[in-house]
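Subject: Handing over the structure

Hello,

Here is the structure I promised to pass on to you.

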Amino acid sequence: HFPPFSSFIMSLKGADESITIGELLASGALNELLPSGDSEIGFAVVPKEDCPHIRASETLFCDESHAAEVAFSATPCVDCGDSSECWLCLHCRKLHCSRYVKGHAAKHANANAEHCVAVSLSDMSVWCFPCDSYITHPPLKPLLAALSAAKFAPPPNGDAEVDGLQDRLATLSVAGDAKEDMETKPKPERPLVDALDELSLVAVAKAIRTGKCKNIIVMSGAGISVAAGIPDFRSPGTGLYANLQKYNLPYPTAVFEIDYFKEKPEPFCLLARELYPGNYAPTPAHCFVRLLHEKGVLLRNYTQNIDTLEREAGVPGEKLVEAHGSFAQAHCLECKRTHSREQVKEEIFAKRVPRCTADGCDGLVKPDIVFFGESLPERFHQLSLIDFPKCDLLIVMGTSLRVQPFAGLIHRVPADVPRLLLNMEVAGECDPVFASLGLPLRGFLFDMKENRRDVCVLGDVQSSCATLAELIGWKEDFEALCPKKKEEESGDGSTATTTKEG
């Protein structure tokens with residue numbers, strides 16, 4: 001929604017003057033373009049915008065290039081030497097491992113009151129330990145851009161590319177001297193990743209059929225369950241959030257906010273009657289995930305869905321990571337006692353708010369669904385560290401990729417791994433303005449010249465899964481798993497999907 005980039009630059013300085021990336025960042029003109037926790041993107045845990053602790057460290061944000069060099073060198077935790085998941089302390093610029101490793105980041109913050117804010121080198125999120133929350137703060141944006149560039153920009157041409165990256169990072173320093181005469185060169189065209197001979201669904205199918213992809217990760221969202229009759233969340237007019245007026249909510253997302261649930265659980269319990277497992281059957285997309293498992297090529301299915309239709313389709317629990325929880329179990333919010341799905345379902349369908357049955361406790365019982373304001377399951381964090389480095393094909397389907405940290409998983413696969421999006425609309429696409437700035441190309445690169453691995457198939461997800469199964473040579477096996485599937489066809493009899501090829 002910006003004017004052409006050259007006009008944008010000239011509006012900041014005179015037509016005869018040049019501007020460096022460092023000056024551009026320092027001007028604050030790009031604040032709306034740089035990564036932030038705004039409501040358009042959303043978080044599973046909503047970030048605080050008024051953290052009182054961040055101000056004490058604000059003067060330390062100026063040296064982005066030094067922080068970026070720390071991240072780029074992948075320095076391990078200073079306490080234990082582990083480098084799998086570390087946090088950068090904004091006060092002392094030292095790295096400490098996360099609570100999912102040995103917890104040295106939290107121990108460091110607890111032992112040093114001023115060292116309370118840190119940045120994750122996994123997804124560039126910012127955490128305040130005293131607030132016990134993700135936070136967002138506008139002055140952090142240049143720092144996050146530099147860290148992101150150092151962490152995620154791939155070095156395809158060896159040491160020369162690394163040197164070039166470090167030179168580029170130096171220009172991102174707001175406080176340092178900007179390079180007035182930074183040489184700009186067009187990015188070289190690079191060959192496709194080894195697994196693909198072209199950017200198409202046919203090529204992805206060939207990679208699976210020929211055994212090049214044996215550790216496939218599927219990331220799925222509410223869009224794969226719409227065909228079962230379950231509304232997705234954000235579609236205008238038909239999405240769940242657009243049809244919650246009958247619950248008299250102050251705003252639609254309140255139904256999934258933990259503080260609102262504690263105060264007024266009735267709206268969620270009414271909604272849960274509609275969403276509860278057992279009311280819906282798996283779709284062909286769920287069956288395709290099961291087929292990947294049966295063929296021995298599914299590493300894991302990371303799902304945002306709480307409907308448990310993956311389980312209903314026959315995907316084993318050990319192959320699932322239900323990132324936002326599910327109805328499979330429930331716990332008391334007070335004493336933490338486990339309650340079965342059947343117990344909670346009986347109460348909800350009797351139009352009663354589930355309460356704890358433990359002696360002396362009458363706490364609210366909530367299905368193990370991740371509400372806004374709650375942390376994701378530890379299984380999500382632990383397995384994502386292990387799985388994504390092993391992945392050799394990422395399939396993303398039926399998701400808007402707007403909720404973090406789930407959306408950030410697409411960046412965790414190695415740079416030479418193909419990524420396939422099956423969706424009704426484009427999601428997770430890289431903003432081309434970032435390419436113009438030389439900033440890291442985070443997101444799918446479908447229509448960009450740098451694309452060497454991303455394939456997008458737009459249209460009905462169920463039909464796309466059926467087409468992919470047929471191209472692989474699994475048509476009969478696929479149809480055996482979903483005998484009642486009815487492919488939507490276009491007027492000429494072909495499946496109604498389109499492919500975006502870079």
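Arginine 300 and aspartate 387 form a salt bridge, with 2.8 Å between their closest N and O atoms; the term stands for a side-chain nitrogen of Lys or Arg within 4 Å of a carboxyl oxygen of Asp or Glu. Because arginine 300 sits in strand S7 and aspartate 387 in helix H13, the pair ties together parts that are 87 residues apart in sequence. Helices (H or I, at least four residues) and strands (E, at least two) are DSSP runs, numbered from the N terminus. Arginine 300 counts as buried at 13% relative accessibility, and aspartate 387 is buried with a relative accessible area of 1%. Here buried means under 20% relative accessible area, exposed means over 50%, and partly exposed is in between (1.4 Å probe, protein chains only).

A word on the source: this is a predicted model, in which local features need pLDDT of at least 70 and side-chain atom pairs count only at pLDDT 80 or more, while totals for chains, interfaces and linings use all residues. Residues are numbered from 1 along each chain as its sequence is written, and side-chain values use heavy atoms, with hydrogens and water left out.

Back to the charged pairs: a search of the whole structure gives seven salt bridges. One of them joins aspartate 477 to lysine 295, with the closest N and O atoms 2.6 Å apart. This pair links distant parts of the chain, 182 residues apart: aspartate 477 is in helix H16 (residues 475–481), and lysine 295 is in the loop between helix H10 (284–294) and S7. Aspartate 477 is partly exposed at 35% relative accessibility, and lysine 295 is partly exposed at 35%. Glutamate 347 and arginine 352 also form a salt bridge, their closest N and O atoms being 2.9 Å apart. Glutamate 347 has a relative accessible area of 23% and is partly exposed; arginine 352, at 41%, is partly exposed too.

Now for some strands. Strand S11 (residues 365–369) has four of its five residues buried, so the rest of the structure largely encloses it. S11 pairs with strand S9 (residues 325–332) in the antiparallel sense over four bridges, where pairing takes at least two DSSP bridges between two strands. Proline 367 in S11 is the bridge partner of alanine 330.

Beyond its neighbours within four places in sequence, histidine 339 is in contact (heavy atoms within 4.5 Å) with residues including Ala330, Cys332, Arg355 and Val365. Histidine 339 is buried, at 4% relative accessible area.

What about disulfides, and how many does the structure hold? It holds zero, a disulfide being a pair of cysteine sulfur atoms within 2.5 Å. Cysteine 131 is in none, and the nearest cysteine sulfur, that of cysteine 128, is 3.6 Å away. Cysteine 131 is partly exposed at 21% relative accessibility. For cysteine 287, the closest cysteine sulfur belongs to cysteine 482 and is 4.5 Å away, too far for a bond. Cysteine 287 counts as buried at 6%.
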